[in-house]
Protein chains: 2
Amino acid sequence: MTMQKHSAEPRNAAPRILGAARTIAAREGAGKITIEAVAKEAGLSKGGVLYNFPTKKALLSGLLDQMLDAHREHLGKVPERHPSRTLRGHLETVLQSQEVDDDLSMAILAAAASDPRLLDPLRAEMSGDIERILTDTQDNSAAMIAILAIQGLRFQRLLKLPEGGGNIRDRVIERLRTIIDELE
Amino acid sequence: MTMQKHSAEPRNAAPRILGAARTIAAREGAGKITIEAVAKEAGLSKGGVLYNFPTKKALLSGLLDQMLDAHREHLGKVPERHPSRTLRGHLETVLQSQEVDDDLSMAILAAAASDPRLLDPLRAEMSGDIERILTDTQDNSAAMIAILAIQGLRFQRLLKLPEGGGNIRDRVIERLRTIIDELE
DNA sequence: GGAACTTAACCGACCGGACGGTACAGAGAT
DNA sequence: ATCTCTGTACCGTCCGGTCGGTTAAGTTCC
């Protein structure tokens, strides 16, 4: 009967740890991400966490990496025909997968609060995205405004800032969709 | 004029303390705001800081308050005739006073990271602003997009995210100005 | 096939430092 | 003298990181 290994899920504790970190960040705020708290949430000990991520920076960095991966994957699902598909993809990502995106933003907050350098990979990624979008569209300023508005949507939701009430949010989204479509 | 007290600036250490906090946040990240560090930066001792702000929450809260005040003051300078003057004011504030606005964003970050509830005053303020803007304009979705884009500009600069290079930023701003003007 | 050893994964006690907060003393001005 | 403000010393806690186990699963050699 060989037995199970340790308790329940033997391998790959890393994703569980990252998930725990996201949970904590979403529930109690980015500042509450502590190794012990993450360990408890993930169902293992502090040592276990530090085995997988030798330092807290590594943990945060890994968190952001995972978020970026998820984000990339989402963008990949957008039909490629679309000229400004990354732009459209960004918007749809923000809309569809609220959880994933909130987590991403939370990871950004946590990273920015502890060590701004952790944002470097994000910057690189965004740099590529923006460049691609701008070369694919002729009305660069309109495209950039769309990008900025999408970012605004992110932080607005993340910080629970007021949305204007009513169906304004939906109308804004619809408007953004048409703007993006018109960008061709 | 009697005399100075101890070292240099006798009264009203509070603004100096808040300024120190802003400096630290801008220089080392929002997470590095610590009472001792603030004290050192402000040129007084920990006790001095804690006399003016009995708790760290009070400090962060005061920081955000000051930022909101400064922001309000800026908005007040915008010609009142303008129908969407708050919207225009927001944009101009972001543009003109880079320091003040970056500090505001940093305070937001710091507050959000430590205790999300500290953002409540900000939420209230923004709620009023948005409501006013939306009632003053008939194209609500366009106005909201402008608001979101302006917020996007804030965080973009705060987190040093890529801007798209070239003069795109300027063109975006010009475009936003015209959009806002057309909203009337 | 089984003792001896290695390796991977994890535990949990502990350390040092930082940090928030308290207590109290003292200097200036009035 | 008293009130306002600031400095110094200190306490308890929390947190990141270290370190010596420990357990389970191979691996090697006979």
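Asp120(A) and Arg123(A) sit 3 residues apart in helix α7 of chain A, about one turn of the helix; helices here are DSSP runs of H or I with at least four residues, numbered from the N terminus. Their side chains meet in a salt bridge, 3.2 Å from N to O. The term salt bridge stands for a side-chain nitrogen of Lys or Arg within 4 Å of a carboxyl oxygen of Asp or Glu. Over all chains, a search of the whole structure turns up 28 salt bridges.

This is a predicted model, in which local features need pLDDT of at least 70 and side-chain atom pairs count only at pLDDT 80 or more, while totals for chains, interfaces and linings use all residues; side-chain values use heavy atoms, with hydrogens and water left out. Residues are numbered from 1 along each chain as its sequence is written, and chains are lettered from A and ligands numbered from 1 in the order in which they are written.

Helix α7 (residues 120-136) of chain A also packs against helix α8 (residues 140-158) of chain A: the axes come within 9 Å and cross at roughly 145°. Axes are lines fitted to C-alpha atoms, for helices over the stretch in contact, and angles run from 0 to 180 degrees between N-to-C directions. On the α7(A) side, the contact (heavy atoms within 4.5 Å) uses Met126(A), Ile130(A), Ile133(A) and Leu134(A), and the α8(A) side brings in Asn140(A), Ala143(A), Met144(A), Ile147(A) and Gln151(A).

How do the two chains relate? Chain A can be laid on chain B with an RMSD of 0.2 Å by a turn of 180° and a shift of 0.1 Å along the axis, with copies superposed by least squares on the C-alpha atoms of residues with pLDDT of at least 70 in both. That is the relation of a two-fold axis. The same surface serves both copies, as 100% of the contact residues of chain A recur in chain B.

Within chain B, helix α5 (residues 85-96) and helix α9 (residues 168-183) pack at an angle of about 165°, with their axes 10 Å apart. The pair α5(B) and α9(B) is therefore roughly antiparallel.

Conventions:
Helices (H or I, at least four residues) and strands (E, at least two) are DSSP runs, numbered from the N terminus. Angles under 35 degrees count as roughly parallel, over 145 as roughly antiparallel, 65 to 115 as roughly perpendicular and the rest as oblique.
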